[in-house]
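Here is a friendly walk through a protein complex, one piece at a time. Have the picture open while you read.

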Amino acid sequence: MRQFQRFLTIFFLVVGIHGVYAQSPDPWKNDLGPIAASDWNNRAAAHLLERAGFGGTPTEIKKLAAMKPAQAVDYLVSYKKIPNQLPPFEESGIWEPGFDHFPSSRPAATEMAKKTGESMGVQVKPGGNRTLQPIADKYLYWLRASLLETQRVGYWWGNRMLQTKRPLEEKMTLFWHGHFANNEDKVRDYRKMLQQNELFRKEATGNFRTLLIEVAKNPAMLVYLDAAVNVKGAPNENFAREIMELFTMGAGNYTERDIQEAARAFTGWYFKDLTFVQNNDLHDAGLKSIFGKTGNFDGVQVIDLILSRQETSEFVASKLYRYFVREDVSPQMRSQLGKLFRDAHYEIAPFLRTIFLSKNFYSKDSIATHVKSPVEFVISTYKKLELTELPGIVDFNDVTDVMGQKLLFPPNVAGWPEGKSWITPGLLMIRNNFIYDTMFAPINFVPRDRVPEQFYQNVPVAEKLSRGLDVTSATKPDGKEMVSMSSTADREEEFNTGLASYVAWRRAIENVKPIVRAPAKVNLTAMVKKAKCQTTVDVVHLFVGQFLSVPISEQTQLQIAKLLESDLGTNDMSQAQSYMEDALRNTLHVILALPAYQLG
Amino acid sequence: MIHDQFSRRRFIKTLAGASFVGSFAPMRSFGATPVTTKKLVVIELSGANDGLNTLIPYANDTYYKLRPKIGVPANKVLKIDEFYGFNPGMTAFRELYNSGQVAIVHGCGYAQPSFSHFTSMAYWHTGVPNGGERYGWLGRLADALDRQKNPHFLVNIDERQSLAVNAHDHMPIVFDDPNRFARKGLFQSRGLLDMDHQMVGQSMQLDFLNQAEASARNASLKIKNAWDQYKTPVDYGINPMGLNKIASMISAGFDTPIYYTGYRHNAFDTHVQQVELHQRQLMYVSDAIAGFLKDLKRIDQDRDVTIIVFSEFGRRAAENTSLGTDHGTANHMYVIGAGVKGGHYGQAPSLSDLDGEGNLRYTTDFRRVYASAIENWFDYKNSKDILYGDFEPFQFWS
């Protein structure tokens with residue numbers, strides 16, 4: 001009963017705030033001064049957990065609300081004090097030394113093998129048909145295996161978000177991933193993606209200079225922004241451009257010349273396996289002129305030049321603010337945030353502490369105005385359902401991908417555009433349908449990482465090979481005309497990529513550990529029992545309070561309660577205890593289908 | 001069941017006063033006057049269609065030297081003039097060409113081309129190569145053409161939204177199967193799921209979400225109705241590429257000016273034994289486009305529609321060792337419609353003067369075709385605001 005009263009309190013508090021909402025401008029807006037202890041309550045604590053993490057369970061909210069505001073903020077920001085026993089990523093063990101100099105393309109792989117007799121540690125066949133087949137197999141195998149392993153890293157990371165006792169650590173890791181956005185499609189090595197992810201986590205709330213230098217020397221980044229071709233005499237501007245445009249200053253604050261000169265400073269930066277190396281032979285140590293200053297700058301010195309610019313502090317601080325607080329940043333706020341960040345010497349933690357403690361952060365303009373990203377949406381849903389393990393059905397990578405945010409596969413170096421762009425009418429339906437599938441798991445779920453979809457030819461190829469067809473016939477696309485075709489002429493060729501694709505798929509699922517495919521273990525009955533709900537209205541209030549950040553009209557809540565009552569055949573929850581689970585799930589689906597559920 | 005239905009009716013009765021959105025009013029009542037009556041349908045051939053085996057330069061010996069095994073023999077080419085002919089699968093397309101409705105734009109591409117499907121496709125979607133632009137060129141076009149934010153301005157037939165239609169102000173309608181452009185939800189919850197909960201004015205973000213929700217609810221019903229009511233005698237072939245769904249919407253009176261659809265799933269990525277597969281796919285494309293135009297003529301809408309066909313890049317000029325082709329650069333685009341002046345546009349890239357990688361050198365920035373649609377089809381004369389640069393438009397329309 002006490003639980004229920006608490007929810008009622010939250011509910012009326014919410015409605016109370018809502019009353020003010022639509023009328024006068026909130027004096028707290030843009031005030032970076034700290035809130036008072038008397039301003040601290042459940043709703044404020046829930047808001048802090050929404051933003052600094054992935055939402056809170058009632059227990060977590062209650063725990064935080066019992067602290068003083070500064071204590072609560074510190075609890076989230078100074079998280080290193082909190083022990084966090086989470087398992088490291090469990091590797092499948094697919095890496096082989098031969099992948100160290102992974103060819104840039106399949107033709108590059110086979111051409112190299114033709115010249116040198118091997119590639120990726122695989123020898124060319126001395127005779128017979130398809131002498132280069134092992135090379136093609138190996139090439140496609142690694143692409144497939146690394147992709148699958150990266151998806152496992154995505155699962156591992158998603159689980160961390162769900163299980164961590166340091167939510168801000170994962171939230172900041174996600175921020176840096178979107179800021180320094182690298183994609184496995186191009187990096188083509190799950191180890192480098194994992195290493196980068198661990199870097200983001202290690203430096204999550206540390207010093208931005210330290211992080212920026214580490215990122216500039218990070219193998220995944222070096223691959224992603226073409227460090228291989230940035231050499232003395234032929235500088236490549238890709239990294240120099242993005243570090244200024246996307247990572248630090250923002251477009252319009254530098255010249256093309258600055259980029260060309262900075263590119264020279266980064267020449268010779270490369271890596272060996274997972275370690276940064278500076279190749280002095282390829283480094284251009286000559287004079288460079290950047291932002292009107294001249295010197296024999298190297299990469300780190302260029303980074304310091306960039307950090308000395310006011311625009312950099314403002315750009316990065318505003319981006320953090322938009323991620324954690326809200327989208328609109330006035331020019332005054334922008335310069336205020338920049339100053340705050342500079343005064344903190346680019347230390348992230350004190351900057352965030354000020355933000356999270358500020359009146360502005362708890363103003364009506366900030367609360368429940370953030371459109372949850374797909375990852376936030378999915379993880380916070382699981383979290384509020386009090387799941388302890390990321391479900392295997394539906395697939396976490398697929399479902400976030402179809403909503404527009406697949407971890408470790410951002411669309412391009414600019415990362416994910418946040419906010420409104422997460423939403424389209426179709427995507428809203430997809431979000432709704434994710435909720436439905438969480439409540440009522442599809443019983444025909446197919447793991448698409450293991451079972452090829454129709455547009456891959458691998459299944460028909462495997463099937464035809466098993467029927468004794470020669471490789472040429474078996475890899476001929478589409479099965480229709482094959483029925484009448486006799487298997488006679490196997491072509492003489494160097495290799496067959498249709499065959500390689502099938503072999504690669506088969507070996508990849510042999511060698512990469514599977515993701516456990518179990519549906520979400522939802523138990524709403526326990527939740528309702530624990531809260532001692534007596535009526536269907538109590539249940540709706542419980543769910544609304546636990547899941548939504550936006551107040552819902554009493555009329556709507558009563559309508560939903562009626563639905564539950566009709567499903568249960570009673571308004572008395574004590575009568576329905578033995579059979580209420582599916583009806584509760586249906587009720588929760590209706591609540592989480594509300595557009596308001598996108599906001600946190 | 002009977003009990004359920006009864007309680008549902010009773011339940012809905014208790015919701016008196018709640019407004020159920022999803023009227024069956026004709027579409028034109030939506031905006032005031034439509035911004036334009038013209039329609040553009042963009043078709044994406046995903047996977048990089050082999051241009052040299054689509055429009056075959058059969059009179060050029062170099063072509064057969066580059067493709068000794070997979071080159072289409074001159075006697076099989078569907079000739080359109082003394083230099084070029086279409087792939088043998090494209091009978092219907094040749095008829096369209098012969099009737100003067102197909103403009104071929106040669107050598108389309110861009111500088112510093114990407115050979116990644118994903119990256120290059122993003123460049124074509126945004127019209128900003130090497131840019132990291134977040135909105136699509138059609139999205140930006142919609143924002144420029146229509147200040148009223150017409151909820152039906154952009155339609156994208158696909159499993160997920162293409163970057164091409166991503167707009168700042170417009171909410172594209174994205175669906176695949178009209179019967180499944182629907183939220184999942186149990187029978188007894190439908191009334192509540194389809195209800196507008198009138199949560200207005202709490203925050204900008206919530207208002208926006210409610211609009212998206214209304215659009216989804218609204219559009220899904222109308223699109224399903226349009227589809228259910230649509231009957232056509234026209235055969236679109238094996239893969240209609242969503243064009244029949246677009247025809248159903250046009251037929252139902254949707255005032256949508258921009259449609260986006262495609263041949264999906266990297267189908268044109270023909271690295272291996274491509275000849276028959278490619279021919280078959282081109283036949284599907286050709287049949288679908290010809291069927292669509294025929295259907296539009298039937299409902300007297302053909303002069304209001306222009307189609308643009310593109311692929312993210314072409315393929316390597318020379319064949320590979322697996323009777324297929326690898327990723328390349330420049331490619332043709334096609335501009336098709338009853339109002340189009342058919343023929344050749346732009347300059348065909350040389351087959352003998354390839355770049356260091358053995359690729360065609362592009363001769364026409366693909367954004368010239370975008371600029372043509374923007375300036376000369378939609379009559380919006382500042383294409384450079386949308387494309388972030390000056391691209392000389394072609395005049396494809398008579």
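Let's start with a word we'll need a lot: a residue is buried if 20 or more other C-beta atoms lie within 10 Å of its own, exposed if 12 or fewer, and partly exposed in between, with C-beta atoms placed from the backbone. Ala263(A) has 22 C-beta neighbours inside 10 Å, which is why it counts as buried.

Some ground rules before we go on. Residues are numbered from 1 along each chain as its sequence is written, while chains are lettered from A and ligands numbered from 1 in the order in which they are written. This is a predicted model, so to speak of local features we need a pLDDT of at least 70, side-chain atom pairs count only at pLDDT 80 or more, and totals for chains, interfaces and linings use all residues.

pLDDT is the predictor's confidence in each residue, on a scale from 0 to 100. The table puts the two chains side by side.

| Chain | Mean pLDDT | Residues at 70 or more |
|---|---|---|
| chain A | mean pLDDT 92 | 94% of residues |
| chain B | mean pLDDT 89 | 92% of residues |

For the complex, the predictor gives an ipTM of 0.89 and a pTM of 0.80. In chain A, pLDDT stays under 50 over residues 1-23, for which the model has 31 contacts beyond four places in sequence. Here, two residues are in contact if their C-beta atoms, placed from the backbone, lie within 7 Å. Residues 479-487 of chain A also stay under 50, and the model has nine such contacts for them, again beyond four places in sequence. Over in chain B, pLDDT is under 50 along residues 1-31, with 42 contacts beyond four places in sequence.

**Chain A as a whole**

Helices (H or I, at least four residues) and strands (E, at least two) are DSSP runs, numbered from the N terminus. Chain A has 28 helices and six strands. Its C-alpha trace spans about 80 × 70 × 40 Å along the principal axes.

How does the radius of gyration of chain A fit a compact globule? The radius is taken over C-alpha atoms, and the globule rule is 2.2 Å times the number of residues to the power 0.38. With 600 residues, a compact globule would come out near 25 Å, and chain A has 28 Å, which agrees.

Of those 600 residues, 52% count as buried. If you look at contacts in chain A with a separation of 6 or more, 74% of them are between residues 24 or more positions apart.

Apart from neighbours within four places in sequence, Ala263(A) touches Asn230(A), Pro235(A), Asn236(A), Glu237(A) and Ala240(A).

Helix α17 (residues 348-357) of chain A is mostly covered, with eight of its ten residues buried. Among them are Ile348(A), Phe351(A), Leu352(A) and Arg353(A). And what do the buried residues of α17(A) pack against? They meet α2 (42-52), α4 (69-77), α10 (208-216), α15 (310-324) and α16 (331-343) of chain A.

**Strands in chain B**

Now find strand β9 (residues 305-310) of chain B: six of its six residues are buried. On one side you have Val305(B), Ile307(B) and Val309(B), and on the other Thr306(B), Ile308(B) and Phe310(B).

Two strands pair if DSSP finds at least two bridges between them. Strand β1 (residues 39-45) of chain B runs parallel to β9(B), joined by six bridges, and Val41(B) stands opposite Ile307(B). Strand β10 (residues 331-336) of chain B runs antiparallel to β9(B), with three bridges; there, Ile308(B) has Val335(B) as its bridge partner.

Elsewhere in chain B, three strands make an open antiparallel sheet in the order β2-β4-β3. Its edge strands are β2 (55-56) and β3 (78-79), each pairing on one side only. Two bridges link β2(B) to β4 (residues 85-86) of chain B, where Ile56(B) faces Gly85(B).

**Where the chains meet**

Across the interface, 48 residues of chain B are in contact with 54 residues of chain A. On the side of chain B that touches chain A, α7(B) gives the most, with ten residues.
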